[in-house]
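Dear colleague,

I am handing over the structure below, and I would be grateful if you could read my notes on it with the model open beside you.

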Amino acid sequence: MGTSSFSMTIPIIKVRFFLCFCLIGIASAKLSSNFYARTCPNVLSTIRMAVKSAVNNEARMGASLLRLHFHDCFVQGCDGSVLLDDTSTFTGEKTAFPNANSLRGFDVIDTIKSQVENLCPGVVSCADIVAVAARDSVVALGGPSWTVQLGRRDSTTANISAANSDLPAQTLDLSGLITSFSNQGFTTNEMVTLSGAHTIGQARCTKFRTRIYNETNIDSCFAKSLEANCPSTGGDDNLSNLDVTTPNTFDNTYFKSLQIKKGLLHSDQQLFNGGSTDLQVNCYSSNPGSFRNDFANAMVKMGNLSPLTGSRGQIRTNCRTIN
């Protein structure tokens, strides 16, 4: 159900309330929710069980699998390119600055792929597995579900330069975040919504050190509490929770943290720093259902970023290498 045409009939007095629903639309693509209904009918349950097992073993893995989908789709579309390993003749995206020593979950995708290949050899793409695993990870941590559109094929190329330039950095100010997401076809509202993925997961000290020692729009006690785990020098790989309240639950407390200047990353706090997105943060802080609904819609849209379909690309046997 689209919201843009409906919004035109809403009186101006209701616009502030309506922003809670963020006007998120869903991009269309040549994908189908029942793409594997005949060729691999048990694929969704197989992925779901594998993801549940991985998240039960390590809650952080849920955030890692969600981030893997994001980092795949923002670089030449949702095509599984992020999964490709470097070889002597091929450079993948894993060593790009936003991914190196940071992106995780590849082993879980390998395990799922192996299980799926045993079920239906040569049928299910790695790109689709990543998309479904992201949804199942959110659900496993208490978040919303959505219908994943399927039928993506895997790329035979990767783009490390695009990974370095197109993935939004934690150092971006609000204008930079808006531009980065706009370049992928997302509105400012959708950017805030997708940033809510930081309600789960962790970040390395190198990603927030500058913020806790140099920035002023941060709660002083919060900053002080992080210093032991992230000293001014050393401890680069030490981890801190992006959401200090409920780090392993997909909820709206991330936005509540921003209201009290406890965003871990510079880019997080930019969403609530006296700018145009403050209203939406306030909305999500008091309306968790709005955030859940909008996040599900935004994830469907993200999953539709430039998929390879039809005869383009291939179905990789091993997600790390081209056939």
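The torsion about the S-S bond of Cys 40 and Cys 120 is about 80°, so this disulfide is right-handed. The model is a predicted one, and in it the sulfur atoms of Cys 40 and Cys 120 lie 2.0 Å apart. The pair joins distant parts of the chain, with Cys 40 in the loop between α2 (15-18) and α3 (43-57) and Cys 120 in the loop between α5 (106-119) and α6 (126-140), at a separation of 80 residues. Both Cys 40 and Cys 120 are buried.

The count of disulfides comes to four, and two others deserve a description here. Cys 126 and Cys 319 form a disulfide with their sulfur atoms 2.1 Å apart, and the torsion of -95° about the S-S bond makes the link of Cys 126 and Cys 319 left-handed. This pair, too, connects distant parts of the chain, since Cys 126 belongs to helix α6 while Cys 319 lies in the segment after α15, 193 residues apart. Cys 126 has a relative accessible area of 0% and is therefore buried, and Cys 319, at 1% relative accessibility, also counts as buried.

Cys 205 and Cys 230 form a further disulfide, in which the sulfur atoms are 1.9 Å apart, and the link of Cys 205 and Cys 230 is right-handed, with 75° about the S-S bond. Here Cys 205 is in helix α10 (residues 205-214) and Cys 230 is in the loop between α11 (220-227) and β2 (239-241), 25 residues apart, and the pair links distant parts of the chain. Cys 205 is buried, as is Cys 230.

Turning to the charged side chains, the count of salt bridges comes to 13. One of them is formed by Asp 107 with Arg 320, where the closest N and O atoms are 3.0 Å apart. The two residues come from distant parts of the chain, with Asp 107 in helix α5 and Arg 320 in the segment after α15, 213 residues apart. Asp 107 counts as exposed because its relative accessibility is 56%, whereas Arg 320, at 21%, counts as partly exposed. Asp 107 and Arg 320 also belong to a network of salt bridges that links them with Asp 85, Lys 94 and Asp 110.

Another salt bridge joins the side chains of Glu 117 and Lys 113, at 3.0 Å from N to O. Both residues lie in helix α5, four residues apart, about one turn of the helix. An α-helix has 3.6 residues a turn, so residues three or four places apart point the same way. Glu 117 and Lys 113 are both buried. The side chains of Arg 135 and Asp 136 likewise meet in a salt bridge, at 2.6 Å from N to O, and both Arg 135 and Asp 136 are buried.

I also looked at the packing of one helix. In α14 (residues 278-286), the buried residues are Asp 278, Gln 280, Val 281, Cys 283, Tyr 284 and Ser 285. These buried residues of α14 pack against α9 (188-195), α12 (253-259) and α15 (288-303).

Finally, a search of the whole structure finds one cavity of 30 Å³ or more, and about 70 Å³ of space lies in the largest cavity. What lines the largest cavity? The lining is made up of His 69, Ala 131, Trp 146, Val 148, Gln 149, Arg 152, Met 299, Val 300, Gly 303 and Asn 304. Helix α15 provides the largest share of this lining, with three residues.

With best regards

Key. Residues numbered from 1 in each chain as written. Heavy atoms only, no water. Buried < 20%, exposed > 50% of the residue type's maximum accessible area, 1.4 Å probe, protein only. Contact = heavy atoms within 4.5 Å. Disulfide = S-S within 2.5 Å. Salt bridge = Lys/Arg side-chain N within 4 Å of Asp/Glu carboxyl O. 1 Å grid on protein atoms, 1.4 Å probe; cavity = no way out; pocket = protein on both sides within 12 Å on 5 of 7 lines; lining within 4 Å. Points joined across faces, edges and corners; volume = space filled by probe spheres on them.
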